[in-house]
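Student: I would like to go through this structure and ask what each label rests on. Please set the values against the definitions.

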Amino acid sequence: MNDAHDKGADSYRSFLLLNEIAGEESLSQRDLARRLGIALGLVNSYLKNLVAKGYVRVKEFPANRYAYLLTPQGIAEKSRLAYQHLSSFTTLYRVARQDFLLLFRRLKEEGVERVAFCGVDEVAEIAFLSLRETGIELALVMDAEGEGGEFFGKPVLSIPHGLLAGNHRIIITSFKRHGPLRDELVRRGAPPETIHCAVSADIATMTLSTEGL
């Protein structure tokens, strides 16, 4: 699983670098590091690899300044990676939609009428679309990191405040953080049997390969 994560992250970072370099603006390594939010040393390492593969060439200016340009092979590689990651996200969306729908239908059969979401990211939005198909109401939304925000008109509460707001079935709606979020919920007193997560083996693998940075 760690190998899948490393390969997915490497591929995604390479795509982001190629995408930035493809722009009209001349960017330094420091510029690229700032834009992508990764360490300068990591940018340097990725660029050396892309240059070695023939995807990027270096143009030198006076005063020891450098610019990075895509080669024709680099343009083709950027297109390939864009398709690869678009395909992965499309598959993730389709499988996640189905997994959440199956979970919510099962809860509906058990008589559950209201649920709480825990974890706000793109996966939570997919979960919300599936929830609407079942008629179950979204009672509240909580997140250890997103307190004070809003999710489809619901204020995002901290986990302690969310747990105080009522005894709901809790759906973990972040695949990337489902382990830490579950641990936090249990630590704060949520009964484990009330916590649900629609993570299948396929979803876990896809999440690791598409989470990028």
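**Helix α2 and the terms used**

Tutor: In helix α2 (residues 29-36) the buried residues are Gln29, Leu32, Ala33 and Leu36. Buried means under 20% relative accessible area, exposed over 50%, and partly exposed in between (1.4 Å probe, protein chains only). Helices (H or I, at least four residues) and strands (E, at least two) are DSSP runs, numbered from the N terminus. This is a predicted model, in which local features need pLDDT of at least 70 and side-chain atom pairs count only at pLDDT 80 or more, while totals for chains, interfaces and linings use all residues. Residues are numbered from 1 along each chain as its sequence is written, and side-chain values use heavy atoms, with hydrogens and water left out.

Student: Which residues touch the most other members of the largest nonpolar core?

Tutor: That core has 23 residues, and those touching the most other members are Phe100, Phe104, Leu107, Val115, Phe117, Phe151 and Ile171. A nonpolar core is a set of buried Ala, Val, Leu, Ile, Met, Phe, Trp, Tyr and Cys residues joined through side-chain atoms within 4.5 Å. Two or more residues of this core come from each of α4 (72-109), β3 (114-118), α5 (122-134) and β4 (137-142). A second, separate core of 20 residues includes Phe15, Leu27, Tyr46 and Tyr55.

Student: What does Phe104 touch?

Tutor: Contact means heavy atoms within 4.5 Å. Not counting residues up to four places away in sequence, Phe104 touches Phe117, Ala127, Ser130, Leu131, Thr134, Ile136 and Ile171. In α5, the buried residues are Val123, Ala124, Ile126, Ala127, Phe128, Ser130, Leu131 and Thr134. Gly135 follows α5 and has a positive phi, near 85°.

**Strands and sheet**

Student: Why is β4 called largely enclosed?

Tutor: Because five of the six residues of β4 are buried, the strand is largely enclosed by the rest of the structure. β3 and β4 run parallel and are joined by five bridges. Two strands pair if DSSP finds at least two bridges between them, so with five bridges β3 and β4 count as paired. Val115 stands opposite Leu138 in β4, and Arg114 opposite Glu137 in β4.

Student: Why do β5 and β8 count as edge strands?

Tutor: The open sheet has six strands in the order β5-β6-β4-β3-β7-β8, with mixed pairing. β5 and β8 (195-197) each have a single partner strand, so one side of each is left without a neighbour in the sheet.

Student: Is Glu60 buried or exposed?

Tutor: Glu60 has a relative accessible area of 54%, so it is exposed. This residue is in strand β1 (residues 56-61). Glu60 touches Arg65 and Tyr66, not counting residues up to four places away in sequence.

Student: What makes the phi of Phe152 worth a remark?

Tutor: Most residues other than glycine have a negative phi. Phe152 is not a glycine, yet has a positive phi of about 50°. Phe152 is in the loop between β5 (150-151) and β6 (154-157). With 47% relative accessibility, Phe152 counts as partly exposed.

**The whole chain**

Student: How many helices and strands does the protein chain have?

Tutor: The secondary structure comes to eight helices and eight strands. Of the 213 residues in the protein chain, 43% are buried. Among contacts between residues at least 6 apart in sequence, 60% join residues at least 24 apart.
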